[in-house]
Amino acid sequence: MRRAGSCWTLAVLAVLASVGAGCARATTAAPGARAATTPTVEVLPNGLTLIVQGHRAADIVAVYLWVGTGVRYETPETLGHAHFQEHMLFKGTDKFGPGYIDRTVEGTGGRSNAFTTFDYTTYQVQVPSEATAVGIQLLEDMAFRSTFDPKEVDAERQVISEESRIETDNPRSGIVRQLYGMVFGPHPYGRPVLGTPATMNAATQDNLKAFNRRFYTPENMALVVVGPVDAKAVRGMVDRTFGRRPRTGYTPPAVPPLAPITAAVRRTVERPEQQAQLALGWQAPSAADRDSLALDLVATILGGSESSRLVTTLRDGERIVSRISVNNSTQQLSGMFYVQATLEAGDVEKAERRILEELSRLQQEGPTEEERELAIIKAESEHAFAYETSDGVAGAYGIARMTATLDDELRYIERLQTITREQIRDAARKYFSTTVYARIAFVPRKVQ
């Protein structure tokens with residue numbers, strides 16, 4: 001975890017998403033949300049994308065830098081270096097030392113955060129509007145002037161090792177992490193965001209700097225600024241900082257091929273916990289694919305609310321799980337649709353069978369019109385609530401920019417409302433085999 005704020009890995013995000021909503025994605029607000037105007041989008045001469053959105057709910061400006069680098073950009077030798085960058089950019093530049101960024105942001109009354117995923121890394125600063133220029137300058141310094149001091153590299157290596165241990169020890173995040181590996185196999189989406197002990201131990205000042213020079217370029221960045229700001233004034237601030245950085249001729253790495261699952265993949269892991277965990281996963285379409293809209297609704301109908309099918313049957317009716325959730329987690333190249341449950345070890349096989357039966361029933365009959373409408377209303381409500389803050393808008397815009405398009409974000413609810421019962425049924429039929437999928441169970445370790 002990063003010191004001021006939080007350092008979220010994708011596995012942790014997936015766990016958080018599973019608590020409530022049925023889709024692990026950032027999406028647009030319903031009509032009437034505070035960020036109702038169209039954002040200003042500009043591409044600077046050096047290739048940097050600047051997105052500015054007026055948002056006057058509070059005197060807080062979200063200044064979020066998004067960099068097109070995550071696990072899928074790494075080689076086996078640099079696995080985890082995108083996440084290592086995230087830590088090191090807070091550890092000093094050629095202008096200031098460790099701790100300066102946090103002290104400066106907190107001194108304005110603001111806060112900072114950062115996280116890394118498969119497709120991107122983001123650095124986030126929230127400050128009062130009068131400190132907007134300070135936030136922009138700090139992010140520019142971090143991105144281009146970090147020193148990667150060897151002593152700080154060694155210190156953060158220990159922090160990341162502990163972060164990895166916490167992720168692994170938490171059964172709900174640990175099982176999702178392993179499920180990604182089973183669903184995506186050798187594809188980069190199957191690799192751990194935090195890297196491995198070997199690749200972390202191999203990280204040095206030199207190879208981290210080389211990674212930074214390769215990917216931290218204006219052409220590979222988007223800066224999102226949301227709050228009570230003027231787009232022209234923000235452009236001036238950005239021209240004086242990021243705008244002075246030259247183009248580098250950046251070209252993204254080749255997109256690796258994704259092999260489909262062709263046979264059931266099963267794993268059972270004994271662990272020291274008292275309860276069992278069960279997760280079933282399928283490959284799903286990318287964030288920009290229209291089918292992902294239907295699968296968002298499938299996730300909500302099956303397990304995204306207290307009245308959803310799996311909750312009312314497996315948890316409340318049959319009482320074979322104590323907790324169950326369904327998520328459609330989308331990335332730029334693909335996605336993973338998964339069901340996750342907490343239960344007693346003796347009920348694992350029955351719960352798996354019942355989940356597949358409920359999925360098959362949806363494939364055969366489709367949802368009711370009431371289920372479809374309630375799923376859309378839930379999405380509208382959640383997205384409107386998220387858009388009440390500059391943080392929510394900046395996060396939604398940035399994720400869309402890095403994994404799909406901004407238009408996909410701006411028209412999400414409008415497009416979701418057009419999805420029919422038949423399209424929901426057909427999407428479930430298309431993507432979810434009841435015989436070919438990934439299944440993993442964590443069960444209590446047997447006493448010797």
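Author: E358 counts as buried, at 6% relative accessibility. This is a predicted model, in which local features need pLDDT of at least 70, side-chain atom pairs count only at pLDDT 80 or more, and totals for chains, interfaces and linings use all residues. Residues are numbered from 1 along each chain as its sequence is written, and side-chain values use heavy atoms, with hydrogens and water left out.

Reader: Why is E358 called buried?

Author: Buried means under 20% relative accessible area, exposed over 50%, and partly exposed in between (1.4 Å probe, protein chains only). E358 has 6%, so the residue counts as buried.

Reader: What makes R354 and E358 a salt bridge?

Author: The term requires a side-chain nitrogen of Lys or Arg within 4 Å of a carboxyl oxygen of Asp or Glu. For R354 and E358 the N to O distance is 3.1 Å, so the pair qualifies.

Reader: What parts does the salt bridge of E352 and R439 tie together?

Author: The side chains of E352 and R439 meet at 3.2 Å, N to O. E352 lies in helix α12 (residues 348-365) and R439 in strand β13 (residues 438-444), so the pair ties together parts 87 residues apart in sequence. Helices (H or I, at least four residues) and strands (E, at least two) are DSSP runs, numbered from the N terminus.
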